[in-house]
There are 2 protein chains.
Amino acid sequence: MSSSDFRTQAHRAIDFIADYLDTIESRPVLSSIKPGDIYNALPAHAPDQPAALRSSVPAEWSSIFQDLEQTILPGLTHWQSPNFFAFFPSDTSYPSILGELLSAGLGVQGMLWLTSPACTELETKVLDWLGELIGLPTEFLSDGAQRTPRASVGPQMHSSTPHARNGGGVIEGTASDATLVALCAARHRVRTQHDRTQASSSPRFAIYTSTQAHSSVIKAAMIAGLANSPEDRTHIRLIDTDTNFALDPAALERAIREDIANGFTPMYVVATVGTTSSTAIDSIEQIAAVLDRTGCTHSESGFGTWLHIDAAHAGAACVCPEYRSMLTGIAHADSIAFNPHKWLLTNFDCNCFFTRDRRSLTGALSITPEYLRNSGTDSGAIDYRDWQIPLGRRFRALKLWFVLRHYGAEGLRSYIREHMRLSELFESLVRADDRFEIVAPRTMNLICFRYRGDDTANKRLLDTLNASGKLYLTHTVLPGVGYTIRFCIGATATQERHVRDAWMLIQDATRAIEIKTV
Amino acid sequence: MSSSDFRTQAHRAIDFIADYLDTIESRPVLSSIKPGDIYNALPAHAPDQPAALRSSVPAEWSSIFQDLEQTILPGLTHWQSPNFFAFFPSDTSYPSILGELLSAGLGVQGMLWLTSPACTELETKVLDWLGELIGLPTEFLSDGAQRTPRASVGPQMHSSTPHARNGGGVIEGTASDATLVALCAARHRVRTQHDRTQASSSPRFAIYTSTQAHSSVIKAAMIAGLANSPEDRTHIRLIDTDTNFALDPAALERAIREDIANGFTPMYVVATVGTTSSTAIDSIEQIAAVLDRTGCTHSESGFGTWLHIDAAHAGAACVCPEYRSMLTGIAHADSIAFNPHKWLLTNFDCNCFFTRDRRSLTGALSITPEYLRNSGTDSGAIDYRDWQIPLGRRFRALKLWFVLRHYGAEGLRSYIREHMRLSELFESLVRADDRFEIVAPRTMNLICFRYRGDDTANKRLLDTLNASGKLYLTHTVLPGVGYTIRFCIGATATQERHVRDAWMLIQDATRAIEIKTV
């Protein structure tokens, strides 16, 4: 394909994307195709001959765009639809798409500093920007350069622990990767400390998170060899939650004390800021206090049991100072991760992982075979391959850079605040209709509600709504509540009218169900 | 950013990419910037105000493109340069860039079948296409539909094991991910078999790979909790290689027998087809025979110790029938992975992982919390989240689909064959100059050679060449050989003149060193 052909077809692709996003509202949010429909609609074998031999390049791409339109698009769930209220969002934006495009075009690979210094250094820089924007203590930022704190960052953000120059941020693929690399760092650190003190026996590790934590915690434990199955509780303690579905610190303390008494070493705690089911917020401060009280924090080093904060969805909201209280106590955590690819206008994949103990992270993941040795590594430059599971890595910092430059801190804050305003609106609509009840505290942009009927009625309501194609909602089951409908307002394109229309659809569907039931 | 602004700026980005790739030859391949240069050239903080408030959208993007050109590009190592002969390549192509662009624009998330059926089904289909193209037995393909074998696939490709409908392919991020998920599947399967037979004690696992295997095998073991450090050999056996740097099957057999005698359970073997140092090829057939002879293959199920084939770089060559002999014995393997993002014109990241035992893979990685339950999953559709470490996933099948459609099987074969021809040419040039020696058998597109001097002279030669900016080479250290220069011909844009020019540069640099030494 010549560069001239590329220019022509890429301009067409750009228009395809812009047209798609301009008209996305007209598409059913949730695809109605059946398993196998698309697989079977595609040819059984790859073509033998180059397209150029079968037809011209323009004809070839006309056929590709036609297949995209006719075969692929009807099989998509339209995550960018303003009527997508399911799961958590996976926001994109035009500046971010430009970043992905340029990253693909440059085609560089940032596994080592040397294999593209700009890929590493831009990442370090934008992570420092972003860490500052969500109010992280400076210990979580890199030592890439001397930094002057900006005036707007409050004094509580500058803790005075002696671990400066051991922190920094990195882009991981997903929050699941972040949870797993933090577990590896935790194990490395606790094992190293253990070896120093009681070299004779191998520690028996224990991991703690709440019953409402994301499934990636158990998955990480399975991958790391600390659980044989999702149900295996040899090393995992799922701590009960309080009436707000947040981890109960007293229950955590009991579990830790019991484990210590039984010869276990508390190794890793994952606190969730914004659970997937209901955006409940575990108290970092109280969890850190439990770790202190139970002797899990080494007094001399400030390090001990690794406390990781999974703020995958909620972290984005912390660009607004008024939401930063959900990170109170963060100075006591060892790492935190959140996904700009969820709620900060950045294409999947982009998980931002910050740690104040990068030496434990790279200690857990670093191997340098001869073919990767180079002067950059030897001089102490950051090699991000040692901060992640994979070796290779794309130039993902570009899209984040573009988003931060284009929107600026204030633009991102306005974006979050508008979703919060719409969520408050939606909550008030639900509360005003006594056929419904709000079943979990609304902490941000997720409303958990139920029709005052049984689980079957709620499930029927959800299925009816999703089958309409006019919106997409998902559900969860909350302890003591049962089947719960989740309504999350976080898509880039969602406006007030979409929220009001969705509420009307919900009311209509409810009426229809009530008539049928009667 | 309006869609109209996006169209304008994206067209500009397209031209930026095409201009960049059209003129890439004029840039120094390896950046000469120093650590910190780029970090320090960027502002200390993210901008506060949206760009639109500071200037117009066109002015904003003029400034972004200027920064890209002036700050970022000088800090890149130009992986797409025709003079990039380092590591293994990371090929891109225009059709693939279009795929990445459209994937970013559609912004869908394929964690579950339901969250975008087309994302899953297109992936299953193109993996079936690709598996067939590299000659995998049908057991490694999906059961997505009844398949009619094409005439060109030889009869030896249809083994008759009874495990059909348990196979399939998936796109993982990287070969490191593939090595890790295969390890998890291996552990799950061996543990399940062990539990059935000797429920009383927990198995002590052993993992085998050659001393020349990729560092990701040890890294996977560290992540999986089977090694405390890169040097820890409690569970890992690094098997010696023969004079071709391929795993010595006799040494493997001794190690396995010794382990079994000592109460270890052989759990996972990674054979490398195309090692990173020298593209040595481990014999799958002989390794499988060792597993059979040592009782590691269960006679009733055909399954036992998991044999994973790491063909990260070399797998691409198997689109040509004449190179498929390197996969002889593949019917006895449990999984194989290779990277179209290395040598098959597809943007990073795109690792293709095939297994004939997907139940063990999903058994190792599947967890279904309530908020992910849905009718698609319940009906048995593929949920690719259960085949990988992360939960979320991009629509990466698009780029692979475009590459396969655009080039066709024959186009890909021509591409590989031209690199092979150039490699043969380069090898002959080196052999004709008796100041040099070829130090490893050339199995494909990598030439390992040395200047007949000491390691220091070879290192000086490499550094001189790379400092010129005119090409980029890397090194390795081969056992019994020492410092070795690697010359890999695999970049999309490389033509014969680049290879001949590189050889002239090498000769010139050698003369300069010899004069200095004299």
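This is a predicted model: local features need pLDDT of at least 70, side-chain atom pairs count only at pLDDT 80 or more; totals for chains, interfaces and linings use all residues.

User: Which residues of H12(B) meet H7(B), and how does the contact divide by class?
Analyst: On the side of H7(B), the contact is made by B:Val181, B:Cys184, B:Ala185, B:Arg187, B:His188 and B:Arg189, and these meet B:Ser360, B:Leu361, B:Gly363, B:Ala364 and B:Leu365 in H12(B). Sorted by class, the contact of H7(B) with H12(B) has six nonpolar, three polar and two charged residues.

User: What is the relation between helix H9 and helix H10 of chain A?
Analyst: Helix H9 (residues 249-261) and helix H10 (residues 284-293) of chain A pack with their axes 9 Å apart, at an angle of about 25°. The residues that make this contact are A:Pro249, A:Leu252, A:Glu253 and A:Ile256 of H9(A), together with A:Gln286, A:Ile287, A:Val290 and A:Arg293 of H10(A). The crossing of the two helices is right-handed. Because angles under 35 degrees count as roughly parallel, H9(A) and H10(A) are described as roughly parallel.

User: Which strands stand at the edges of the seven-stranded sheet in chain B?
Analyst: The sheet is open, its pairing is mixed, and its strands follow the order S1-S7-S6-S5-S4-S2-S3. On average, neighbouring strands of this sheet are turned by 20° against each other, direction ignored. A strand at the edge has a single partner strand, so one side of it is left without a neighbour in the sheet, and this holds for strand S1 (168-172) and strand S3 (236-239) of chain B.

User: In which sense do S1(B) and S7(B) pair, and which residue stands opposite B:Gly169?
Analyst: Strand S7 of chain B covers residues 351-355, and five bridges join S1(B) to S7(B) in the antiparallel sense. Within this pair, the residue of S7(B) that stands opposite B:Gly169 is B:Phe354.

User: Which residue in the turn between S10(B) and S11(B) has a positive phi?
Analyst: Strand S10 (residues 474-478) and strand S11 (residues 482-488) of chain B run antiparallel and are joined by five bridges, with B:His475 opposite B:Ile485. S10(B) is mostly covered, as four of its five residues are buried. The two strands form a hairpin with three residues between them, and the residue in the turn with a positive phi, of about 80°, is B:Gly480.

User: Is A:Phe87 buried or exposed?
Analyst: A:Phe87 is found in the loop between helix H4 (57-72) and helix H5 (94-106) of chain A, and its phi is positive, about 40°, although it is not a glycine. A residue counts as buried if 20 or more other C-beta atoms lie within 10 Å of its own. Because A:Phe87 has 24 other C-beta atoms within 10 Å, the residue is buried.

User: Which element gives the largest share of the side of chain A that touches chain B?
Analyst: In the contact between the chains, 121 residues of chain A meet 121 residues of chain B. The side of chain A divides into 63 nonpolar, 39 polar and 19 charged residues. The largest share of this side, 14 residues, comes from helix H1 (residues 3-22) of chain A.

Notes: Residues are numbered from 1 along each chain as its sequence is written. Chains are lettered from A and ligands numbered from 1 in the order in which they are written. Axes are lines fitted to C-alpha atoms, for helices over the stretch in contact, and angles run from 0 to 180 degrees between N-to-C directions. Angles under 35 degrees count as roughly parallel, over 145 as roughly antiparallel, 65 to 115 as roughly perpendicular and the rest as oblique. A crossing is left-handed if the near helix is turned anticlockwise from the far one by less than a right angle, and right-handed if clockwise. Two residues are in contact if their C-beta atoms, placed from the backbone, lie within 7 Å. Ala, Val, Leu, Ile, Met, Phe, Trp, Tyr, Cys and Pro count as nonpolar, Asp, Glu, Lys and Arg as charged, and the others, Gly among them, as polar. A residue is buried if 20 or more other C-beta atoms lie within 10 Å of its own, exposed if 12 or fewer, and partly exposed in between; C-beta atoms are placed from the backbone. Two strands pair if DSSP finds at least two bridges between them.
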